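Please look through the sequence and the structure with the numbered points below at hand. They are written for someone who is new to reading such models.

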Amino acid sequence: MSTPGRRDVLRGLAAAGLGAAAGVAGGWAVAEAQPAALPALPETEPGSRRVEPHGAHQAGIARPATPQPHGVMVVLDLAGVRFPADVRAVCAALGLAITALTRPEDGSAGDAARAELPDGPGDLTVTVGLGPRLVGLVDPSLPGGEELPRFASDEGLRADRVGGDLLLVAYSSDPNDADRAIRWLTGGIADAAVRWSQRLFRGPSRGTVTRNPLGFHDGIIVPHGDRELDEHVWIADGPLAGGTICVVRRLRLDTGRFRAEPEARQEAIVGRRRHDGAPLSGGGPDDEADLLAKTPDGQFVLPARSHVRAAHPSFTGSALMLRRGYAFDDGVLDDDSGRRDAGLMFTSFQRELRTFVQTQHRLDETDDLMAFAIPTASATFLILPGFAPDQPLGATLCAGAPTRQRDGAISPP
Ligand code: HEM
């Protein structure tokens with residue numbers, strides 16, 4: 001069987017214009033007295049602000065600091081990518097294509113990109129991640145070469161919704177821009193097969209914090225600022241310094257059943273107040289939960305099986321993860337249950353995969369929130385370090401490790 005060459009892998013991107021690079025009351029029970037207004041989250045920043053695609057880290061993770069309200073995520077299989085040179089070629093071509101989309105004035109391939117986004121890129125970001133198979137082609141011992149384990153909660157997960165070779169995520173204030181960007185990029189990769197894709201959205205945000213589909217503030221306890229991001233999120237050294245490990249879990253949530261619980265029970269399940277996000281153990285909305293606080297009769301104030309207690313890094317001995325979740329909603333399920341295929345696209349970034357793995361094992365054991373979530377897709381990806389005009393995306397991937405070439409020979413770095 002002939003092996004698709006690097007040229008074939010790039011064929012599509014070239015074709016895409018990248019040149020050489022490749023009152024009706026019914027049964028409603030409406031209370032007469034309106035409850036006190038919830039504290040408003042300030043509006044998300046308007047989308048006219050350009051987000052720099054180049055730098056030490058890819059955009060779409062910690063930049064912009066307030067995530068854009070819309071996104072499209074796609075997971076692809078690249079059966080034609082079989083050698084380290086193919087991996088490098090796809091990454092480099094994607095970097096050029098992303099530059100063309102987000103800095104059209106810079107790129108030689110600007111025309112095709114401009115045709116996709118005629119009003120300019122707005123605050124579009126595109127983030128690229130490599131699945132364990134592609135990382136393993138270069139060197140399985142690199143960060144990102146390890147697959148996610150199957151978790152106790154993954155029982156019903158379909159095999160075609162697990163893993164994948166390539167992650168592309170576009171975020172934007174304009175949902176059409178994110179969609180067009182993903183379609184254009186995907187269409188430019190030869191032999192790319194879509195494993196799954198998902199449109200995403202989130203409500204008004206205060207920095208990383210927004211209300212999730214269960215109606216609770218989410219994204220409070222995450223690394224903030226450069227120092228914490230360096231400590232918990234970015235890979236510190238080696239050829240992938242500046243990259244990070246991403247975990248994506250599409251979690252269908254039974255929001256109907258959760259919301260039917262009394263508010264006090266909802267708060268006990270989460271461990272924070274629904275109204276303003278403050279921990280049940282006391283303090284303000286941005287404060288950490290006090291795991292040791294007790295009632296006068298000796299009970300933990302923060303319930304033993306609350307999500308915040310279960311997920312707390314002090315139990316797993318691991319670092320903080322940067323959670324950057326979005327909602328999804330694909331409408332009513334086709335199974336006569338009347339339930340929706342809707343929920344949370346849990347997305348986290350951490351220096352090491354074990355941060356997520358240890359936390360998820362613990363959630364499966366001791367977290368009442370998990371009874372409301374069904375995983376419907378699961379994957380991990382190496383988010384490549386950032387890139388720049390003189391530093392192609394993925395350029396450092398093969399540096400520092402011997403690589404297997406197309407003819408099977410091992411060549412030194
Ligand atoms: C069922 C879907 C989930 C929902 C609705 C959810 C919601 C929340 C909420 C409302 C908070 C409190 C506010 C905050 O600190 O952001 C929180 C905290 C947290 N969640 Fe989740 N979460 C979900 C799944 C997960 C998963 C799968 C993980 C990781 C395996 C996770 C890890 C965390 C961590 C580490 C915290 C911070 C705990 C702390 O130190 O206070 N969550 N989550």
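1. Asp 191 counts as partly exposed because it has 15 C-beta neighbours inside 10 Å; a residue is called buried if 20 or more other C-beta atoms, placed from the backbone, lie within 10 Å of its own, exposed if 12 or fewer, and partly exposed in between. Its phi is near 60°, a positive value in a residue other than glycine, and Asp 191 lies in the loop between helix H5 (175-187) and strand S4 (192-201). Helices (H or I, at least four residues) and strands (E, at least two) are DSSP runs, numbered from the N terminus.

2. This is a predicted model, in which local features need pLDDT of at least 70 and side-chain atom pairs count only at pLDDT 80 or more, while totals for chains, interfaces and linings use all residues. Residues are numbered from 1 along each chain as its sequence is written.

3. Asp 336 also is not a glycine and has a positive phi, of about 65°; Asp 336 is exposed, with 7 other C-beta atoms within 10 Å, and lies in the loop between strand S10 (326-332) and S11.

4. The peptide bond from Arg 63 to Pro 64 is cis, with omega near 0°, and Pro 64 lies in the loop between helix H1 (6-18) and strand S1 (70-78).

5. As for the protein overall, it has eleven helices and 14 strands, and buried residues make up 47% of its 413 residues.
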